[in-house]
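Here are a few notes to read alongside the model. Take them in order, and keep the structure open as you go.

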Amino acid sequence: MDLFSNFSDEPVNILPFDGEVNYYGVVINRGESDDYFQHLMNGIVWKNDEAIIMGKKVVTKHKVAWYGDVPFSYTYSQITKTALPWTEGLLALKKIVEEKTGETYNSCLLNLYHNGEEGMAWHSDGEKDMKKNGAIASLSFGAIRKFAFKHKETKNKIEVILEHGSLLVMKGTTQTNWLHRLPPTKMVKTPRINLTFRTIEQF
């Protein structure tokens, strides 16, 4: 199943069951998206991602950054990151996303994929630090890429095309029941930046 969309006031839930993934389509116009893309490329402290896989430390080609209200410690794949303070541009984007989704977020994990050969394997965002069943808002800039979901039991697959300036929100039991990934492709030669706004529980 492929979904294409342009500007949309009402999001579409692309999952058939066991979760909620609302795709809003393009929410920021082309000119503003181009400006934000340049700000993110040049104004973010990017670092190669690290993970522990089968006991070995792996350094990925794609880069990541982690920002938040406070210096949150965030652990995934057995690697702990500490959030940096928001940039002006990130705060502006957070405001846009919060107004569109009706949710609030206190942090953002950013991913920079230099070309289509860089992607993300099947996984779910179920880290213990995150708000359970909380909304994760995914904002995309740059290259148009396919994004896929797979049900953990039925193996049903859903695909959506994420455009420059588009917004997708995962919430409810999505992380419990579905995996998602960014499939690699040799067709895409340009970079994509993805921002995932999320809520870290503060105890």
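1. Start with R30, which is exposed at 61% relative accessibility. Please keep in mind that this is a predicted model. R30 forms a salt bridge with D34, and their closest N and O atoms are 3.3 Å apart. Both residues belong to helix α1, 4 residues apart, or about one turn of the helix. An α-helix has 3.6 residues a turn, so residues three or four places apart point the same way. D34 is partly exposed, with a relative accessible area of 31%.

2. Helix α1 covers residues 30-43, 14 residues in total, and reaches 19 Å from its first C-alpha to its last, close to the 20 Å expected at 1.5 Å a residue. Which residues of α1 are buried? They are S33, Y36, F37 and L40. Viewed down the axis of α1, the buried residues fall within an arc of 105 degrees, so they line one face of the helix. D35 and N42, on the other side of α1, are exposed. The cover over the buried residues of α1 includes α2 (88-101), β8 (107-113), β10 (136-142) and β15 (192-198).

3. E103 forms a salt bridge with K171, where the closest N and O atoms are 3.8 Å apart. Here too the pair links distant parts of the chain: E103 sits in the loop between α2 and β8, while K171 is in strand β13 (residues 166-171), 68 residues away. E103 counts as partly exposed at 25% relative accessibility, and K171 counts as partly exposed at 21%. Salt bridges with shared partners join E20, E103 and K171 into one network.

4. Finally, turn to the surface. I53, M54 and V58 make a nonpolar surface patch of about 330 Å². M54 lies in the loop between β3 (47-53) and β4 (56-68). M54 is exposed, with a relative accessible area of 82%.

Note on methods
Residues are numbered from 1 along each chain as its sequence is written. This is a predicted model: local features need pLDDT of at least 70, side-chain atom pairs count only at pLDDT 80 or more; totals for chains, interfaces and linings use all residues. Side-chain values use heavy atoms; hydrogens and water are left out. Patches are made of residues with over 30% relative accessible area and no salt bridge: like charges are joined within 9 Å, nonpolar side chains (Val, Leu, Ile, Met, Phe, Trp, Tyr) within 5 Å. Accessible areas come from the Shrake-Rupley method with a 1.4 Å probe; for residues, only the protein chains shown count as cover. A salt bridge is a side-chain nitrogen of Lys or Arg within 4 Å of a carboxyl oxygen of Asp or Glu. Helices (H or I, at least four residues) and strands (E, at least two) are DSSP runs, numbered from the N terminus. Buried means under 20% relative accessible area, exposed over 50%, partly exposed in between (1.4 Å probe, protein chains only). The expected span of a helix is 1.5 Å times one less than its number of residues. The arc is that of the directions from the helix axis to the C-beta atoms. Contact means heavy atoms within 4.5 Å.
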